[in-house]
Each structure stands twice: as structure tokens, then as C-alpha cells.
Amino acid sequence: MARKSDVPSPYYGEPSKFDPTFRGPISNRSCTDVFCCVIFIIVILGYIALGTVAWLHGDPRKVIHPTDSYGQFCGQKGTPNTKKSILFYFNILKCANPAVLINLQCPTTQMCVSKCPDRFATYTDMQLQYQITAAPWEYYRLFCKPGFNNPTKPVAQVLRDEDCPSMIVPSRPFLQRCFPDFITLNGTLTVAKRTHFKDALDKARSVTELRDAANGITGLVDAKEVGMKIVEDYAASWNWILIGLVIALVVSLIFILLLRFTAGLLLWFTIIAVILVIAYGIWHCYLEFSLLRQQPGADVTIVDIGFQTDVTVYLHLSQTWLIFLIALCTIEASILIILIFLRKRVWIAIALLREGSKAVSYIMSTLFYPIITFLLLAICISYFSVTSVFLASSGDAIYKVMAAEPNCMYANKTCDPETFNKTNVSKTCPGAQCTFAFYGGETPYHRYLFILQLSNLLIFLWLVNFIIALGQCTLAGAFASYYWARRKPQDIPTCPLFSSFSRAIRYHTGSLAFGALILALVQMARVILEYLDSKLKGASNVAARFLLCCLKCCFWCLERFIKFMNRNAYIMIAIYGKCFCTSARDAFCLLMRNFPHKLPTSSDMDGRQTLNCITGDLAGVFTMLCFLCVAGVIAFFFFTHKIPIVQEDVPTLHYYWVPLLTVIFGSYLIAHGFFSVYAMCVDTLFLCFCEDLERNDGSPEKPFLMSAELHSILRKTEHH
């Protein structure tokens, strides 16, 4: 009786035929997708040229250092501003938007100073005091234009020419700019303990006006203080963080190696541990919610208190614990439902984990390949970041006419500060000045700067996906060499990881680049959609928002599908050495030929099961959840001084969540690095298993190459 897998399918192609000479990854192969390889190399050379041009035209100081009204950097060595590193705004009340301040677009004179003013003063008061003593003028002139030394000049003319600020208020530097020193006293916003003051025209002003002019600056100041505290916490706990990450590394490695011998025990322990840890979290959240619900003032909503830099404020709200409770209950219910419907797959996962662990133990170098991927990604991200900064600062200083009168015909016109005084602009528009506006240019390079930034992003996504594809193809080739070895480990090639890496680079750069480009284009479309969504957040067009939401969902699904197809295509490339499109088609058809009739059915409960991608994902997800939960719980009790044995050694921190999140995130990266190798092993073994079933029938003439244990659970022999 013919086997089902040998029956040709009009939809999914012919099954693989028996080949007695087949011994795994083909060594005699040729270059694939050469045209895409050539394009990829040209793009890389162009990317290097783009970075070089950006480096020649860009100046990161434009992003890092503030610039005065004359286009000079504050604090720049070799200039009159060497010791003046802070930017001062003559009339900060003209700056209604804090983003305008940071982007140097405030319509007032900006000057570099060595320090911010520390007192209230007006130009009128200074002139009155100057008749008695020169001390007030000596201090006030620090914030006037360089070279101006006429304290008796009429106030109206001084304000018209903007020789000096009309007033100064106590300020402190932030982002190298002087902002009013806001302090809240008994719930009232003050500056130097004052709520009102007068300007140079003797007009009453309130601190609220300063706050409105610099709306959001107080939040930025608080953010700076939080940042300083975070740095202090890292300085105090870095050694404990490092110890925690080293422990996570050792535990992950031991866990991987033990899977070969205790896969069943460890997997069931992992599943039960995840369920118990989440159950404890549910109980703890319910307990906190019940206690806070009885306390007055704890029923305030998160929306009512708004954003707070002190996260402990949210922990005193019953709504916070209710949200945690609902989230954990949802996760727990999802896990239990998955276990109920996939309980039979746990045994498949156990067999697969043992086989994968055996493969990893024979090719231990694969565990450390993620380090190479990480280094390549770090280089790529660094180059992208530097290029982006240089492109963003690739502009010449543009000066425009700042008119004192609103009806000036030359307002906002481009001007040259060196020849401005020789023109008729100052005569036509009294008080007009030629001041620095922004960085830009009229050359083709500057006109297409936005397109160059988009190109920088697209090539970056392409390179990142190529590096990931290279790692997947390399690992697939190494694990395929293990699977197709008739005698293990004797027939496993020498240095299988290096051989697979060499084959991928030498023959299949074009194929990997082709798959990476398809994925990069989809990701680029998602980035554009996210940008449009951010622009339409305040729009009232419901139809446009709904359409955009649908597009985002569709492209998200498309990206996941392409990642799945690419991953299997790279495995087929590593085994057979064919081009990308052919490999993707063969992988998809192989999966479809084996998927429908190899799942367990009600009449097929005696072991006719095959592994699929869910199996490896099931084990990996539970293991990762357990690992992160255990690491998070231990780190939480440690940094909150709840472990008596080491309580005295734990440093006192401003925010215990700083090292806690660092340990959890670092443990995630370490565990993800190891289990990404495992996941690739699972997928490779799955496709090899499907190929094995189609090529062989288990007879002495055509024996299976799978392990005896895997065959006993996942066999598909002729008598079935």
C-alpha cells in the first residue's frame, strides 16, 4: 500500500525521492541569486558613501550644543563663547512652546552666557539703581549683547534693538539652556518664592505666564533628576547586576545541557513553575487591591494623577493592582487553555527537546554564535545612529530677518549677517535684525536630505535582517549536518558551524539579501504607517483612523508570515543550496504535504504524531517565562532587602526597579540568545524530519536517519 506522503499533490508538488547518495547539506553548490548579491554589494558601498558624505557635511555639535542668534556654538573652544556654554533667551515669554526652545526657533534674541541669572531684575530698575552704584549694571550686562555698554540708553530703544533683556528671572541650566527655576511651595508654583513680578515696562507679570511659556519644562527637569538618580543606582548596584547576569548565563547553559537527560522533568517543572509563579502574582495583586480599596484616597485613577516620575505613587492606587490582577489572570487563563488543547504535544516537545539538546551538545559552538550576531548588529546599529546624527546636522547656518514690526516686508527673509548693516532693511524696518534661524541649505544634497534619511533607515533594516538571516542559515546548515549523519557523532563533519557559515557567505549572500530585502520593505511600510498614525492621533476623521488601523494590522500579519517563510527558506537553502524563491516554495510545499495528514486524530492516538513549529515554541515560551519569572522574583526580593542573609550587603537605592529591570532584561537577552539557537534547531530538525519521511520508509534499503526515540514517537511507517 502506498504511503500518503508518496502520493503526488497537485497543489504542493511532488514529494522528495529516495537518493542513496544524499548525506545532508550539499557541498557541491553554486552561487544563487547573483543579481541580488550584486545589488546588495552596491548598496553597501553606497551606504558607506552616504556615511562619508554625511560625515563631511554634518556636525554633531549642532545637535549636542545650543547655538546663539549668530550661529555660534555655546562653549565652543577657540571662540568668544569658550567659557559661555549656556544659552540665554532675552524674552522667554515669547517662547510659547517648549519644543520651540529646544529646536532654537524662539522669536527672541538668544545669547551664550557663562551662568544663568539668579535674581529678579528689570532694565528699568537697573537704570534707577545705576544712578547710585554701578554694581547692578555690571551684573545685568552679563546678559546683554557683547560690546553693549550704554546703561543710560532709553528703555524703549534698548527693547527695540534687543540690546538687553527687558527682565531677568532666577533660572537654572537644563539641556544647556536657561529655564525659570520653578519651585512648588505648598502647592503653589513660584520662582524664587515669588508668584508675581514686573517687567521693564512696569507691567505686572505672574509666574504662571512663565510656566505657560515653558510648558513641560518642569517635567523635563524632573526627568533629569530621575536620570541622575538612575545613574547613581547603576553606580551603586552594577556589581550585583553583573553577578546576576553571570548567574543567568550559567543557569541557561546548564539548563540547555540538562535537557538532553531530563527533558521531561524539566519541561513539566517549567510549566508548573510558570503556573505557580503567576498564581502567586494573582494572589498578591488581589491582596494589595483588597487592602487599598479600603483606604481613603486610594481610589484615585491613574488618569487623574497623570504622569509621575516616582513610580511608587502608582503602587498606592487600587486601580494599578486591579490592572495587574486582570493582566495576570488573562495570562494564566491563556496558558491553561493552551495546555488543555495542546497537552498531547507536550510529549512531542519532550522528544524534540532531547533531540535538540543532543544536537547542541555535539555542536557546542552553536551556543556562542549569537555573540557574533550581536556584534554584527551592534556595528550596524552604531553606524546607523552615527549616520543619522550626521545627516540631521548636515546643514549650513541660515539667517533670517527678525522684524520688530509685524508689517515689515522683509520679515523671515534670508539675510547675510556680514552685509546686513549695509542694506536698506534696517531703514525700512527699524529694529530689524539678521539672526540665526536654523540649519539647512539650498544645494541638491540639502534638498534631498529627507530622502537620504529614509534611505538610511531602509538600508539599516535591510542589513539587520540580512545579519539575522545569515545566522539562521548558518545554524540550519550546522544542525542539518547533524541530522543527516548516519552515524552520530562519527559522521558529523568537522567544524560544521564554520563550514555552514562559509557556504552561506560564499554561495548564498544574494539569496539571504533577497529575503532580507522583502522583509525590510514590509517593515519600512510599517514604520511609515506608524508615523502617519502619530500624525493622525488628534484627527477627528474616524474613517481614516480605522483604515490606518486595518493597514497596520495587515502589515503586521504580513511581516509575521514573511518571517516564517524566510526562516524555512533559509533552512532549505542551507540544505540544498537552491535560490531563495525555489527554497521558499519547496519549504512551503514540504510543510503543506506533511501538515494535514500527520496531526493526531481521534482514530490515530497510537503515536502517529509529527512535530511542528508549535512544539518548539511551546517549550521555548514556557521555559523563557519560567526563567524570567524566577530571575525577576529573586531580584525583587534581593533589591528590596527581603532576603535576611544578604540584607546588609544590598546597596540603598533610589529606585529598586532600576537593577531589577536590568537583570530581567539582561536575563531575557541571555536566555533568548540560547533559545534562539534551540528554536532554529527545532525548525531545522522538523524540516529534515519531513524530508526523511518522504525520502525513506524505514526499510533496510531506505532506513530513517532520525533517532530511535524520535522515531518511536513520531514515526510514520508504511503499516499505518
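Predicted model: local features only at pLDDT ≥ 70, side-chain atom pairs only at ≥ 80, totals over all residues.

Residues are numbered from 1 along each chain as its sequence is written, and side-chain values use heavy atoms, with hydrogens and water left out.

A disulfide here is a pair of cysteine sulfur atoms within 2.5 Å. By that rule there are three.

Start with Cys74 and Cys112, whose sulfurs sit 2.0 Å apart. The torsion about the S-S bond is -80°, a left-handed link. Cys74 is in the loop between helix H2 (61-64) and strand E1 (86-89), and Cys112 is in strand E2 (residues 110-113), so the bond ties together parts 38 residues apart in sequence. Helices (H or I, at least four residues) and strands (E, at least two) are DSSP runs, numbered from the N terminus. Cys74 is buried, at 1% relative accessible area, and Cys112 is buried too, at 3%. Buried means under 20% relative accessible area, exposed over 50%, and partly exposed in between, with a 1.4 Å probe and protein chains only.

Next, Cys116 is joined to Cys178, S to S 2.1 Å. The S-S torsion is about -95°, so this disulfide is left-handed. Both Cys116 and Cys178 are buried.

Then Cys144 and Cys164, with sulfurs 1.9 Å apart. At 115° about the S-S bond, their link is right-handed.

What about Cys37? Its closest cysteine sulfur, in Cys31, is 7.2 Å away, too far for a bond.
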